[in-house]
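Then let's walk through it piece by piece.

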Amino acid sequence: MSLLVVGLSHRSAPVTLLERASVTGDDLVKLLHEIHDSVRETMIVSTCNRVEVYAAVDKFHGGVQVISEALARRSGVALEELTRHLYVHYEDRAVQHAFAVACGLESMVVGEGQILGQIRSAFRLGQDEGTIGRGLHEVVQRALRVGKRAHSDTGIDKAGASLVSVGLQLASAHLGELEGRRALVIGAGAMSGLAVATLARSGVGEITVANRTYSRAVRLAESAAAEGVPARPLPLERMDAELNRADLIVSCTGAGRIIGPGQLEPGRRFILDLALPHDVDPAVRAIDGVGLAGLEELRTAEEAARAIGPEAVEAVRRIVADEVAAFLSAERAAAVAPTVVALRAKAAEVVELELARLRAKLPDLDPKTEHELAMTVRRVADKLMHAPTVRVKELAAAPGGDSYADALRELFDLDPAAPEAVTRADLTRQERSPS
C-alpha cells in the first residue's frame, strides 16, 4: 500500500479551470466516497488555489485513473483537458509534497498559514466519513507537525500579507493614496483577517467588515479598531448598500458570484477579489470608474519570496527534506516490525515444540530441572534471534529496506499471512484503545 497524490493547483492550471474543479459541501463528500470505493484510504484538500486527492493505493496506475476520472466527472471538465493540468506524486515524492504543502511552500502566497487549517478540515472530514485509515493518518499528522515547525522556526509566515500587499499596490495605482479611504472587507476568514490587518497599516480612514456570521465580523472589526482604525461589522445581507459607499472592496468568501454589475454604480472604486471561486463577476470592469484585480493579476510567489527573503524559504525546504527523510526511515523500520514479530513467534513455537518432545521423552524429569532446561533453550533462541532482528530493523530504515523483510520471510520460510496478521492485530488494538 503506497501514498498517491493527484491534483491541480495555481501552478499547474489556469484560475478558470480551478474554479470548475473546486468542490465543496455535499459535492466534496460525494467525491470523497466515489474515490474511496476504489482505493484503501482517501482525503481531499480543496482550497481556493488547489484540489488535491491523497490516497493510499495498492496499484499506481489504477489509482491515478480512478482519481482522474472522478475529478473529471465532478468538475465537468473533459478528462483529456483535465489531465494536461494534473500532477501526480507517488510514494516518497508524495510524502515530500504533502509536507511542502503543509509548510506553505506550494501556496500561491508562499508561507501562508491558512493551509494548515484547510488540511485539518480535510482530515477531519475524512475521519468523519470513514475514508482515512492508518496510512493517511500517519502522513497527515506528521505533515501538520512539520508545517507548525516551519512557521515557528523560520520567518516564512511573514509572507502571508504579501498577497494583500500586492493587491493594495494595484488599488493605489487606480485610486491614488489609500490614506483616508473607506474600505469594505467581505468575509471573515484567514485571508480577510490579513486584509484587515494590512489595510489598517496602510492608513485607510475606516474599515467595514461584512460577513454571513455576524459574530465573526464583529471580532474582525474589533481587531481593526484595536489598531486605531475606525471599524464596524455588517451583516452580509446589508452589503449592497455599502458596496457603493466604499472606495476599496476586498472580497474573500469563495461563495461564488456575490458581486455583479447590477449592484455597482459608476464611480472610482477598486475591487480586490482574493476568492476562488471568484466572488466578483468580471463584467464589473465595464462600469465606469471601477477597477478589478483577481488572483490572475497577482504575481504573488515572486513578491512573497522578496517579502520574506530567500533564506527563510530555503530554511523551510531544509526542514521539509530532513522531516521527509526521518519519516520515511521510521516508516520503513515500522514496516519490517510485523515480520520480525512473526519470526520471533515462529522461534518461540519451535522452542515450545522441542520442549514438549523433551517432556514426552523424559516424563520423570523433576520440575526444577525441566524449568532450567526450558529457560536455557529459550535464552539460546532469543540470543540467536537478537542480532538478525536488530540488524534487519536498521537495514530496513534505508531506502529499499522492505527487501530485507522479504528476505527474512524467504530465509525462515515464514507464512506470508503471519506479518499481515500481526499488523491487523496491532490495528485492532489501536482502534480499541481510548483516544
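Start where two helices touch: Asp27, Lys30, Leu31, Glu34 and Ile35 in H2 meet Val66, Ile67, Ala70, Leu71, Arg73 and Arg74 in H3, where contact means heavy atoms within 4.5 Å. Helices here are DSSP runs of H or I with at least four residues, strands are runs of E with at least two, and both are numbered from the N terminus. The axes of H2 (residues 25–36) and H3 (residues 60–75) come within 10 Å and cross at roughly 155°; axes are lines fitted to C-alpha atoms over the stretch in contact, with angles from 0 to 180 degrees between N-to-C directions. That makes H2 roughly antiparallel to H3, a label for angles over 145 degrees.

A quick word on what you're looking at: this is a predicted model, where local features need pLDDT of at least 70 and side-chain atom pairs count only at pLDDT 80 or more, while totals for chains, interfaces and linings use all residues. Residues are numbered from 1 along each chain as its sequence is written, and side-chain values use heavy atoms, leaving out hydrogens and water.

Now find strand E9 (residues 269–273), where five of five residues are buried, meaning under 20% relative accessible area with a 1.4 Å probe, protein chains only. In a regular strand, side chains alternate between the two faces of the sheet. In E9, Arg269, Ile271 and Asp273 sit on one side, with Phe270 and Leu272 on the other.

E9 has parallel partners too: four bridges join E8 (residues 248–251) to E9, and four join E9 to E10 (residues 290–293). Strands pair if DSSP finds at least two bridges between them. Val250 is partnered with Leu272 in E9, while Ile271 is partnered with Leu292 in E10.

Methods. Buried < 20%, exposed > 50% of the residue type's maximum accessible area, 1.4 Å probe, protein only. Parallel < 35°, antiparallel > 145°, perpendicular 65-115°, else oblique.
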